[in-house]
Amino acid sequence: MKILSIESSCDETAAAVTDGRRVLSNIVATQIAEHRIYGGVVPEIASRRHTEAISTVCSEALKAAGIGYGDIDAIAVTFAPGLIGALLVGVNFSKGLAMSLKVPLIPVHHLRSHIAANYIDNAELEPPFLCLLVSGGNTVIAEVSDYTKFKIIGGTLDDAAGECMDKAARALGLQYPGGVMLDKIATEPDEKKYPLPYPHSGSGEFDFSFSGLKTAVVNLVHNAQQRGEALDVPVIAATVRKRVCDMLIDKTLRAAEKYGYKTIAVAGGVSANSELRRRLKCECKNRGLKLYYPELKYCGDNAAMVGVQAYYEYADGNTASPSLNANATMPIDYR
Ligand code: KG4
């Protein structure tokens, strides 16, 4: 079943052709360079750029797969969650395409597709498993009991891990997307020199809180500026990264133990973080757990992961009518 999938939830306009878990093409037009000027994504600009790019990106995806619109069996689209104006571009384009081609339209939840990125290069991975989903807008630990059945057992009470690293990086004067830069320049942490806090996460056993850490870095930078002191940015970057990874790894491993999972997957943009990958790999090996994460090119937003999840959504009878709307927020277990 050949699916043309479309992703426009944030600042990448992406289209892909997939067949089951096989990726036949994967095209991503990123807007990062433009948003960098503003230090973060400007929603209005994102929507306009999606509108300009979407048709070309789809044509390129078909061309790269060596097929035409007539060979497509279904259209899949990210419909939630994300920037509402950005999502609407993809949703409306997909509705028009599905109607004109007379093929089914498959709505795909963005976080589900991030999890599905793990299926692309890991042929043996199948539910049930535990997933740590870490992106710029979301941080959750979810049970993946089947391809379309999810249960959240913990999540962030405030900022996402990616948001925390992005904003800490911005305060440190690093370019957008800050999390990527922070990971690149980080050297060795020094917790004595920069005693950053472990934010409390309330009563939820598997919940996170990252806003306190973000604020601590912002305050650290302001205080240093007022005193005219120089900061060791690569060391602070490494200390922030360590704090975030400590929290993510600790809760994920404890959740796996409590709920009896032997397989863990990591997903979302922050799954590209080098320390998170290295330390989780080591911890899982020591505990006899199987660990999966997507190839780097499938960690960030892309449409290949949307197509792979769409295959399972379609098998579960999840198709949309022409009245499909976009949603800025929606829980992963919505259906
Ligand atoms: O999944 P994603 O591409 O978009 C969302 O759906 O949010 O995630 C983007 C997030 C950004 O916060 C970005 O800074 C972060 O992923 N990110 C990283 C790394 N690569 C991307 N954070 C830390 N280390 C990285 N290597």
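A: Helices (H or I, at least four residues) and strands (E, at least two) are DSSP runs, numbered from the N terminus. This is a predicted model, where local features need pLDDT of at least 70 and side-chain atom pairs count only at 80 or more, while totals for chains, interfaces and linings use all residues. Residues count from 1 along each chain as its sequence is written, and side-chain values use heavy atoms, without hydrogens and water.

Q: Good. Where does K214 sit?

A: You'll find K214 in helix 7, which covers residues 211–227.

Q: Is K214 buried or exposed?

A: K214 counts as buried, because its relative accessibility is 19% (buried is under 20% relative accessible area, exposed over 50%, partly exposed in between, with a 1.4 Å probe and protein chains only).

Q: And which side chain does the side chain of K214 make a polar contact with?

A: That's D159, at 2.9 Å, side chain to side chain. A polar contact is an N or O pair within 3.5 Å; within protein, one atom must be able to donate a hydrogen and the other to accept it, and sequence neighbours count only through two side-chain atoms.

Q: Let's switch to the ligand. Which residues come nearest?

A: There are 18 residues around the ligand, and G136, D166, D183, G269 and N273 come nearest (near means a heavy atom within 4 Å).

Q: What does D166 do there?

A: One of the polar side-chain atoms of D166 is 2.6 Å from a ligand oxygen atom. D183 also has an N or O atom in its side chain 2.9 Å from a nitrogen atom of the ligand. From the backbone, a polar atom of D301 lies 3.3 Å from a ligand oxygen atom.

Q: Which elements give two or more residues to that shell?

A: Helix 4 (110–121), helix 5 (161–171) and helix 6 (178–185).

Q: On to the strands. Why is strand 4 largely enclosed?

A: Strand 4 spans residues 74–80, and seven of its seven residues are buried, so the rest of the structure largely encloses it.

Q: How many bridges join strand 4 to strand 1?

A: Four, and strand 1 (residues 2–7) runs parallel to strand 4. Strands pair if DSSP finds at least two bridges between them. Across that pairing, A76 in strand 4 has S5 opposite.

Q: What about strand 5?

A: Strand 5 (residues 105–109) is also parallel to strand 4, with five bridges between them. In strand 5, P107 is the residue opposite V77.

Q: How accessible is A80?

A: A80 belongs to strand 4 and counts as buried, because its relative accessibility is 0%.

Q: Next, T148. Which loop is it in?

A: T148 is in the loop between strand 7 (139–146) and strand 8 (149–155). With a relative accessible area of 6%, T148 is buried. Its side chain also has a polar contact of 2.9 Å with the side chain of D316.

Q: Last one: where is D333?

A: D333 is in the segment after helix 10, which is residues 304–315. D333 is partly exposed, with a relative accessible area of 38%.
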